[in-house]
Amino acid sequence: MELAVIMLENNADNQELSRQIRDFHKKKGQPLAIRFSEGLTHIILEAPCLYIPDPKQLDPRTVVDGQINASGRHGEIHPRHKGKTVNLHLDSELVAELEQIRALVSSKTQQEVIRELFIRGMRAYLAEKKAEQSAD
């Protein structure tokens, strides 16, 4: 699994920023690994998707390995080579179900919401198929 990475100089301002990022991840229930460089000169944050309270807080000297995207009031850093964009044309019933799922899991990422949609759809499909086989 590829990770998005931020490497910050180890100073008081960046330590505070790291704490804010850590707390933001805890609030969202998302994984985050924090470690230090060998000489303790840099703070390294790694996650499948890094959530930053405000991307403007990043120092110009910060090394970012990933793509920064603005998302509402916060920023997200995704790994550079993560997945592909897929355009789906969904019927109105699937769109309505997606919106219901999104409302129920608003703290989850888009990928998690779509995965849940496919899981529900697959379960419904298998249940229908099993009912058809039982009727035969």
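Helices (H or I, at least four residues) and strands (E, at least two) are DSSP runs, numbered from the N terminus. By that numbering, Leu94 lies in helix α2. This is a predicted model: local features need pLDDT of at least 70, side-chain atom pairs count only at pLDDT 80 or more, and totals for chains, interfaces and linings use all residues. Residues are numbered from 1 along each chain as its sequence is written, and side-chain values use heavy atoms, with hydrogens and water left out.

**Helix pair α2 and α3**

- The axes of helix α2 (residues 92–104) and helix α3 (residues 110–135) come within 10 Å and cross at roughly 125°. Axes are lines fitted to C-alpha atoms, for helices over the stretch in contact, and angles run from 0 to 180 degrees between N-to-C directions.
- That angle makes α2 oblique to α3. Angles under 35 degrees count as roughly parallel, over 145 as roughly antiparallel, 65 to 115 as roughly perpendicular and the rest as oblique.
- The crossing of α2 past α3 is right-handed. Right-handed means that the near helix is turned clockwise from the far one by less than a right angle; anticlockwise is left-handed.
- From α2, Leu94, Glu97, Leu98, Ile101, Arg102 and Leu104 meet Val113, Glu116, Leu117 and Arg120 of α3. Contact means heavy atoms within 4.5 Å.
- The residues of the contact of α2 with α3 comprise six nonpolar, no polar and four charged. Ala, Val, Leu, Ile, Met, Phe, Trp, Tyr, Cys and Pro count as nonpolar, Asp, Glu, Lys and Arg as charged, and the others, Gly among them, as polar.

- Leu94 counts as partly exposed, at 33% relative accessibility. Buried means under 20% relative accessible area, exposed over 50%, partly exposed in between (1.4 Å probe, protein chains only).
- Leu94 and Phe118 are 24 residues apart along the chain, and their C-alpha atoms are separated by 9.9 Å.
- Arg102 is also found in helix α2. At 37% relative accessibility, Arg102 is partly exposed.
- Arg102 and Val113 are eleven residues apart in sequence; C-alpha to C-alpha, they are 6.2 Å apart in space.

**The open sheet**

- Three strands form an open sheet in the order β4-β7-β6, with antiparallel pairing. Two strands pair if DSSP finds at least two bridges between them.
- The edge strands β4 (50–52) and β6 (67–71) each pair on one side only.
- On average, neighbouring strands of this sheet are turned by 25° against each other, direction ignored.
- β4 and strand β7 (residues 74–78) run antiparallel, joined by three bridges. Here Tyr51 stands opposite Glu76, and Ile52 stands opposite Gly75.
- β6 and β7 pair in the antiparallel sense over five bridges. Ile68 stands opposite Ile77 in β7.
- β6 and β7 form a hairpin with two residues between them, and Gly72 in the turn has a positive phi of about 65°.
- Four of the five residues of β7 are buried, so β7 is largely enclosed by the rest of the structure.

**Around the sheet**

- Helix α1 (residues 12–28) lies across β4 and β7 and runs at about 115° to β4.
- Gln30 sits in the loop between α1 and β2 (33–36). With a relative accessible area of 16%, Gln30 is buried.
- Leaving aside neighbours within four places in sequence, Gln30 is in contact with His25, Tyr51, Ser107 and Glu112.
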